[in-house]
Structure formats: C-alpha cells, structure tokens
Amino acid sequence: MKFFKKHRISILVALGMIMITCMPVFATSRTIELPSNQVWTAKFSEPRTGRYSQVAAECDSVYPLSGSDNFTQIQCRVVNQSGTVITGNDYYRLTEGMPSTYITIEEGYLNLSVVYFQFRGNTPSPAYTVVSYYGR
C-alpha cells in the first residue's frame with residue numbers, strides 16, 4: 001500500500017499513456033480503392049459515442065494500382081447520412097504514415113450516433129489506400 005501512495009502520480013501517468021496508445025486499436029482499418037479523377041469513395045459508416053466533438057482518421061499507406069509508388073497523401077471528409085459535410089473544412093489531407101488527424105464536428109451535428117468517412121486521391125490517378133478511422 002505504501003508503494004501505491006508513493007508512486008500514484010507515476011502510475012496515473014503510465015495508465016494514461018497506455019490508454020492513449022491503445023486508442024488506435026479501436027479504430028476501423030481497411031484497404032480502399034480510390035477512383036481516378038479525385039472522385040469520393042462510397043461512405044463508410046462509423047459509430048460515435050457522442051462524448052467527443054472530434055473523430056479521427058489516418059492514412060497508413062497509399063500506393064498506385066500499377067507503376068511506381070510516388071503517392072504520399074489522400075483526402076478525407078466526414079459527412080452525415082445525406083452526404084452533407086459536417087466539419088469545418090470541406091476535406092482534410094492525410095499524409096501516409098503520419099499520426100491520426102483529429103477532425104472537429106460542427107455544432108448541430110454533435111448528437112449524431114453514426115458518421116460517415118469518405119476518401120479520395122490527392123491526384124487524378126487511381127490508387128489503393130489503407131486507412132484507419134475512429135468515430136470516438
């Protein structure tokens with residue numbers, strides 16, 4: 001018991017770091033084919049708890065259907081069921097291998113229990129991407 005009293009701050013910090021590290025485990029991850037000419041993909045639904053005003057997305061990898069791989073970015077947007085963008089920006093640029101981008105949902109849409117992610121290439125060329133997204 002003396003040990004816990006003496007080290008409680010360290011234990012709390014360690015538990016917090018473990019929780020932050022484990023958060024991506026709860027994200028949905030999938031490989032998606034990105035159409036040519038920067039057309040948005042179909043909507044991918046993701047449930048939300050409603051406890052947070054942000055959702056998260058990241059690009060784990062992006063590569064061409066064929067040829068040399070010089071792709072590093074894709075675009076992402078978050079919409080409601082009818083396809084209306086529900087964030088401050090029309091889209092967000094995700095860079096391959098970078099940590100999650102947190103996307104703030106606008107007032108009036110915070111009560112949505114499901115949001116939809118859409119993706120497209122950052123160039124007119126078609127590609128594949130591996131993305132992770134989390135409704136929080």
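The model is a predicted one, in which local features need pLDDT of at least 70 and side-chain atom pairs count only at pLDDT 80 or more, while totals for chains, interfaces and linings use all residues. Residues are numbered from 1 along each chain as its sequence is written, and side-chain values use heavy atoms, with hydrogens and water left out.

**First stop: the sheet with S4**

Begin by selecting strands S2, S7, S4 and S5, which in that order form an open sheet with antiparallel pairing. Strands here are DSSP runs (E, at least two residues), numbered from the N terminus, and two strands pair if DSSP finds at least two bridges between them. Strand S2 (44-47) and strand S5 (92-95) each have a single partner strand, so one side of each is left without a neighbour in the sheet. From one strand to the next, the twist averages 35°, taken between axes that are lines fitted to C-alpha atoms, with angles running from 0 to 180 degrees between N-to-C directions.

Buried means under 20% relative accessible area, exposed means over 50%, and partly exposed lies in between (1.4 Å probe, protein chains only).

**Second stop: Gln75**

Select Gln75, which lies in strand S4 (residues 73-79) and, at 2% relative accessibility, counts as buried. Which side chains does the side chain of Gln75 meet in polar contacts? One is the side chain of Arg120, at 2.6 Å, and another is that of Asn122, at 2.8 Å. A polar contact is a pair of N or O atoms within 3.5 Å; within protein, one must be able to donate a hydrogen and the other to accept it, and residues adjacent in sequence count only if both atoms are side-chain atoms. Leaving aside neighbours within four places in sequence, the residues in contact with Gln75 (heavy atoms within 4.5 Å) include Gln38, Trp40, Tyr91 and Phe119.

From there, step to Gln38, which is in the loop between S1 and S2 and counts as partly exposed at 26% relative accessibility. Phi of Gln38 is near 55°, a positive value in a residue other than glycine.

In strand S6, pick out Thr101, which is partly exposed at 23% relative accessibility. The C-alpha atoms of Thr101 and Ala57 are separated by 5.4 Å, although the two residues are 44 apart along the chain.

**Last stop: the nonpolar core**

Which residues have the most contacts inside the largest nonpolar core? They are Ile74, Phe117 and Phe119, in a core of 22 residues. Such a core is a set of buried Ala, Val, Leu, Ile, Met, Phe, Trp, Tyr and Cys residues joined through side-chain atoms within 4.5 Å. Strand S1 (28-34), strand S3 (54-64), S4, S5, S7 and strand S8 (127-134) each supply at least two of the core residues, and the largest share, 4 residues, comes from S3. Centre the view on Ile74, whose contacts beyond four places in sequence include Leu34, Cys59, Phe119 and Val131.

Finish with the cysteines Cys59, buried with a relative accessible area of 1%, and Cys76, buried at 0%. The structure holds 0 disulfides, a disulfide being a pair of cysteine sulfur atoms within 2.5 Å.
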